[in-house]
Amino acid sequence: MSFFKKLKDKFTKDLHPNLEEQKDEQLEKEEVEPDQVEESAGETEEPIGETEVPVAEPEEVESETVKEEPEEAPVEEVEEVEEVEEVEEVEEVEEVEEVEEDDVEEELEDETDPEPAIEEEKEESIADKFKKGLAKTRNSFSSRINDLVARYRTVDEDFFEELEEVLISADVGVNTVMEMIDELQMEVKRRNIKDTRKVREVISEKLVEIYYGDDEAEEIEGLSENPDGLTIYLFVGVNGVGKTTTIGKLAHQLKAEGKNVTLAAGDTFRAGAIDQLEEWGRRVGVNTIKHSEGADPAAVIYDGIQSAKSRNADVLICDTAGRLQNKVNLMNELSKVKRVIEREVPGAPHEVLLTLDATTGQNAMSQAKTFSQSTDVTGIVLTKLDGTAKGGIVLAIRKELDIPVKLVGLGEKVTDLEHFDAHAFVYGLFADMIDNFEEDEEEE
């Protein structure tokens, strides 16, 4: 089975296992409605017949008046009366139409209630989120790939040179691109691929292989948890990358899963950071531990751990200050916070999540290198992925730093924080090609 075929089966056909059942139930309801309409129509046949009797009376009166009076005068009077009656009837019809339109709108709203529920489920699927969130990258990346395929009839050295430029422009990373091009050339020769259109599928397959490498998907996807007690997640990153917002979204997600969550406002340096996290805690409905501005961050985290233990919390999420990579003292303080966590909860923190802004491109790579030297970063949170056309930074981080991307921000809504899935990521990049690959095969 081709790789595009596998992705299409995974993210389009099996996207909503209960969707077909919901549609069948909806169709059964619609089949009942016509019978009800026929019964109601049968009940109204007799009243309609009765209304026809009084209508004939005015016609008889009019015919009698025409015989008694001269021909010209009655005709004018009758015409005037008919015009007035027509105007009155039109006004009445307009009023009826207005009422009917309102009734129809209400009926439509009632009838379409099941449909929005299905659409809402579709919007929440991981495939749709990645497809929507990677729209800018896909429009840029896919259009250039398609343009390249259209200009080259056969796969040759010139084709691979231009493909290299396309991948680098998507921020996949120079070293990663060079390695990928070598593997692509070998794979094309092995499969004896001559048609450039076939290369698109090989590219998507290699992107997934580059991300996972020799690791299993289960080993690098999802957040680690403490099965024996409190799970602690430590968030680090520079100011302005969306760290505090991501913490709030993750807290919302964990609480929706039934977990008891506590937040620790360890960013005591940035003005307003404590209030911002506290507001997120209020909105999400979780407890927030805080000190005054300028307090010792390690002391805040210590109190957060004690509070989480006393409340039997499942997860403690710790915020930290926006660390500038050229500030050695701030990096040392981050190490101090980590030592406090390790002392109070052996084996913690269970994830050290570095938050990066996807729109900063290679600058995010520089931040990742510096933070990974100061603390053991176990995963990346890549925010604002929907706001960049260079989503290839995901692959560069994974390949060059050997740090998996754990979470990605695909929008501004509280539900737009998603666990990273390399297959869903590639589907988001090649969605248009994947959806139409069967038509391409028929043309061939």
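Two strands pair if DSSP finds at least two bridges between them. The model discussed here is predicted.

Strand β6 covers residues 379-383. Its partner β5 runs parallel to it, and 5 bridges join the two. Within that pairing, Asp357 stands opposite Thr383 of β6. β6 also pairs with strand β7, residues 405-409, in the parallel sense over 3 bridges. Here Val381 has Leu407 of β7 as its bridge partner. The chain reaches β7 from β6 by way of α17, and this β-α-β crossover is right-handed. Another right-handed β-α-β unit is made by β5, α16 and β6.

How many of the residues of β6 are buried? The count is 5 of 5, and the strand is mostly covered. In a regular strand the side chains alternate between the two faces of the sheet. In β6, Gly379, Val381 and Thr383 point one way. Ile380 and Leu382 point the other way. Both sets are buried.

**Helix α16**

Helix α16 runs over residues 362-374 and has 13 residues. From first C-alpha to last it reaches 19 Å, close to the 18 Å expected at 1.5 Å a residue. Its buried residues are Ala364, Met365, Gln367, Ala368, Thr370 and Phe371. An α-helix has 3.6 residues a turn, so residues three or four places apart point the same way. What covers the buried residues of α16? The cover includes β1 (231-236), α15 (328-344), β5 (351-357) and α17 (393-401).

Thr176 is found in helix α9, residues 174-191. Is Thr176 buried or exposed? Its relative accessible area is 0%, under the 20% limit, so Thr176 is buried. Beyond its neighbours within four places in sequence, Thr176 is in contact with Ile210, Leu395, Ala396, Lys399 and Glu400.

**Loop residues with marked backbone angles**

The peptide bond from Ala348 to Pro349 is cis. Pro349 lies in the loop between α15 and β5. Asp171 and Asn192 each have a positive phi without being glycine.

| Residue or bond | Angle | Loop |
|---|---|---|
| Ala348 to Pro349 | omega near -5 degrees | Pro349 between α15 and β5 |

Asp171 has a relative accessible area of 9%, so Asp171 counts as buried under the 20% cut-off. Asn192 has a relative accessible area of 52%, over the 50% cut-off, and is therefore exposed.

Rolling a probe the size of a water molecule over the atoms shows where empty space is left. The structure holds 2 cavities of 30 Å³ or more. The second largest cavity has about 40 Å³ of space. Thr137, Phe141, Ala170, Val172, Leu207, Gly392, Leu395 and Leu429 line this second largest cavity. Leu395 is also in contact with Thr176.

The largest pocket holds about 370 Å³ of space. Which of its 22 lining residues are the closest to its centre? They are Val241, Gly242, Lys243, Thr245 and Lys384. Helix α12, residues 243-256, gives the most to the lining of the largest pocket, with 5 residues.

Definitions and conventions: Residues are numbered from 1 along each chain as its sequence is written. This is a predicted model: local features need pLDDT of at least 70, side-chain atom pairs count only at pLDDT 80 or more; totals for chains, interfaces and linings use all residues. Side-chain values use heavy atoms; hydrogens and water are left out. Helices (H or I, at least four residues) and strands (E, at least two) are DSSP runs, numbered from the N terminus. The expected span of a helix is 1.5 Å times one less than its number of residues. Buried means under 20% relative accessible area, exposed over 50%, partly exposed in between (1.4 Å probe, protein chains only). Contact means heavy atoms within 4.5 Å. A crossover is right-handed if, with the strands pointing away from the viewer, the path from the first strand over the helix to the second runs clockwise. On a 1 Å grid over the protein atoms alone, a cavity is a set of points where a 1.4 Å probe fits but cannot get out, and a pocket is an open set with protein on both sides within 12 Å along at least five of seven lines; lining residues have an atom within 4 Å of a point. Grid points are joined across faces, edges and corners, and a volume is the space filled by probe spheres set on the points.
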